[in-house]
Amino acid sequence: MTQEYYRQGLAKAKAGDARGAIADFELASIATPEWAEIYYRRGLAYFDLGEILTAVGDYTQALALDSQHRDCYYARALARLMLKNFPGAMEDVDRAILYGRDYAPAYQLKGLVSKKLAQYPQAIAAYKTAANLYLSQQDPDNSRQCLELALSLQPKPIAPVTPTTPPPPLITPEQFYTQLLEQGERGDLQGAIDNANWSVKTSPLDVRVYSCRGVLYLKQGNLAAALADFSQAIKLDPQSHVAYRSRGKLRDRMGDYGGAILDFDRAIAIDPQDLFIYLARGNVRVSLNNYSEAIADFSQAISIDPQEPSAYIYRAQTYIKLEELRQAIDDYQLAANIYLERQDLPKYQDTLANLQKLQRSTPKLPPPPTKSPQTESLRQRLFVLVSGQWGIAQRLIDRLKQESPGYAEDWYLERVIYNLEQGL
């Protein structure tokens, strides 16, 4: 019977009926709970439905039964990549390669994970290995794609900036810098930069103009010029926490995480009540996989302003990487409440959607203990028999209640346990 349920699950998965496949794989797992392939296939079905955390749980259960399942390591690496658990993804992809030295997709995935970790030499090497393997396996399209990815990671020179000299503004400096930023927001970045260049010539000691032009260069993608401007602003005013914060964000974007942390540390020393510095530093620490320190930064931002929803969202996303789902759910709920109070319905709906998705992915637990120790003992036995999938147990109990109504709860529990143990 197990084989029949398994074959039906495979057929439904192939036909795009992921829910139907999951139901069949669940039935197969009841009869043969030690068969790793069932949990692997069910994990793939959950992944297809976008229920990533549930898929990770099934992959983990499959690997506990078969620690050399190459494809399952690859699948869990891909799922963890989507969760932005980059260290976990790297660990899994290395395992997939260990059990499959000619596994070209695993090397390709390692290239992507290495890129996310800002380990560019390793990413280039992995992409090149994947390209060679694909070529030897007569797959020129994937081989070419991997070579292009490797080449895209090679360092590229930044084009120099050509200054221009537009007429000077006839307004106050504060109004001028505000208008420059608004001009850039409207899409006329080069025009705003041209005006800022003129202001630098006329007011070379004004910290604000360098900070303003740095923001414009950053929007344009001219990172080297932006870095030079923010550094000049700091040189002119070493107590400008805004300049340090701006340069820290830029260094984060450039992948210079150590430099970004130093700038944020200096900014916090100048103004320890600027919550946005803590948010920015927390995000850098997430990039460095220092999740506990990142959570501390987001928590500090919350202590400064408990009504800042982005702090709760960032902390929730970090809790997910640590697979601490209950804390993540609480933070998403708090952020959603704040957006609702502000009547920001688009952000409220987005946050609520993320919250509901996370709640659906949270592992289902058996009902709370009852007053009867015997009933609780039976529930625990049944919980183990269904491999922690209490929904399966509840359906079996409900079916038995329909067939034989009127008995005590313990009788139904004992009967379901007996049926499962006897393979009925």
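Ser211 is a handy place to start: with a relative accessible area of 15%, Ser211 is buried. The model is a predicted one, and in it Ser211 sits in helix α12, which spans residues 207-220. Setting aside the neighbours within four places in sequence, the contacts of Ser211 are Phe230, Ala233 and Ala243.

Helix α3 covers residues 36-48 and helix α4 covers residues 52-65; their axes lie 8 Å apart and the two pack at an angle of about 165°. That angle makes α3 roughly antiparallel to α4, the cut-off for this label being over 145 degrees. As for handedness, α3 and α4 cross in a left-handed way. On the α3 side, the contact is built from Ala36, Tyr39, Tyr40, Arg42, Gly43, Leu44, Tyr46 and Phe47. On the α4 side, Ile52, Thr54, Ala55, Asp58, Tyr59, Gln61, Ala62 and Leu65 take part. Sorted by class, the residues where α3 meets α4 come out as 11 nonpolar, three polar and two charged.

Aromatic rings turn up in this contact too. A pair of aromatic rings is described by the distance of the centres and the angle of the planes. Nine aromatic pairs are found in the structure, and one of them joins Tyr40 and Tyr59, with 6.3 Å from centre to centre and 45° between the planes, a tilted arrangement. Because Tyr40 belongs to helix α3 and Tyr59 to helix α4, the pair ties together parts that are 19 residues apart in sequence. Both Tyr40 and Tyr59 are buried.

Tyr407 and Tyr412 form another aromatic pair, with 6.3 Å between the centres and planes at 90°, which is edge-to-face. The surroundings of these two rings can be read from their accessibility. Tyr407 has 47% relative accessibility and so counts as partly exposed, while Tyr412, at 3%, counts as buried. There is also an aromatic cluster, made up of Tyr6, Phe25 and Trp35.

Leu78 is placed in helix α5, and its relative accessibility of 28% makes it count as partly exposed. Beyond the neighbours within four places in sequence, Leu78 touches Phe47 and Leu109. Ala31 is part of helix α2, residues 18-31, and is exposed, with a relative accessible area of 52%.

The backbone has a couple of spots worth a look. Most residues other than glycine have a negative phi, and most peptide bonds are trans. Lys84 is not a glycine, yet its phi is positive, at about 65°. Lys84 lies in the loop that runs between α5 (70-82) and α6 (86-98). Asn289 also has a positive phi, near 65°, and is likewise a residue other than glycine. The setting of Asn289 is the loop between α16 (275-287) and α17 (291-304). With a relative accessible area of 22%, Asn289 is partly exposed.

That leads on to α16 itself. The axes of α16 and helix α18 (residues 309-321) come within 11 Å of each other and cross at roughly 15°. The two helices, α16 and α18, are therefore roughly parallel to each other, as angles under 35 degrees are counted. The crossing of α16 and α18 is left-handed. From α16, the residues involved are Leu279, Asn283 and Val286. They meet Ser310, Ala311, Tyr314, Thr318 and Lys321 of α18. By class, this contact of α16 with α18 holds four nonpolar, three polar and one charged residues.

Notes
Residues are numbered from 1 along each chain as its sequence is written. This is a predicted model: local features need pLDDT of at least 70, side-chain atom pairs count only at pLDDT 80 or more; totals for chains, interfaces and linings use all residues. Side-chain values use heavy atoms; hydrogens and water are left out. Axes are lines fitted to C-alpha atoms, for helices over the stretch in contact, and angles run from 0 to 180 degrees between N-to-C directions. Helices (H or I, at least four residues) and strands (E, at least two) are DSSP runs, numbered from the N terminus. Angles under 35 degrees count as roughly parallel, over 145 as roughly antiparallel, 65 to 115 as roughly perpendicular and the rest as oblique. A crossing is left-handed if the near helix is turned anticlockwise from the far one by less than a right angle, and right-handed if clockwise. Contact means heavy atoms within 4.5 Å. Ala, Val, Leu, Ile, Met, Phe, Trp, Tyr, Cys and Pro count as nonpolar, Asp, Glu, Lys and Arg as charged, and the others, Gly among them, as polar. Rings of Phe, Tyr and Trp (its six-membered ring) pair if their centres lie within 6.5 Å; planes under 30 degrees apart count as stacked, over 60 as edge-to-face and the rest as tilted. Buried means under 20% relative accessible area, exposed over 50%, partly exposed in between (1.4 Å probe, protein chains only).
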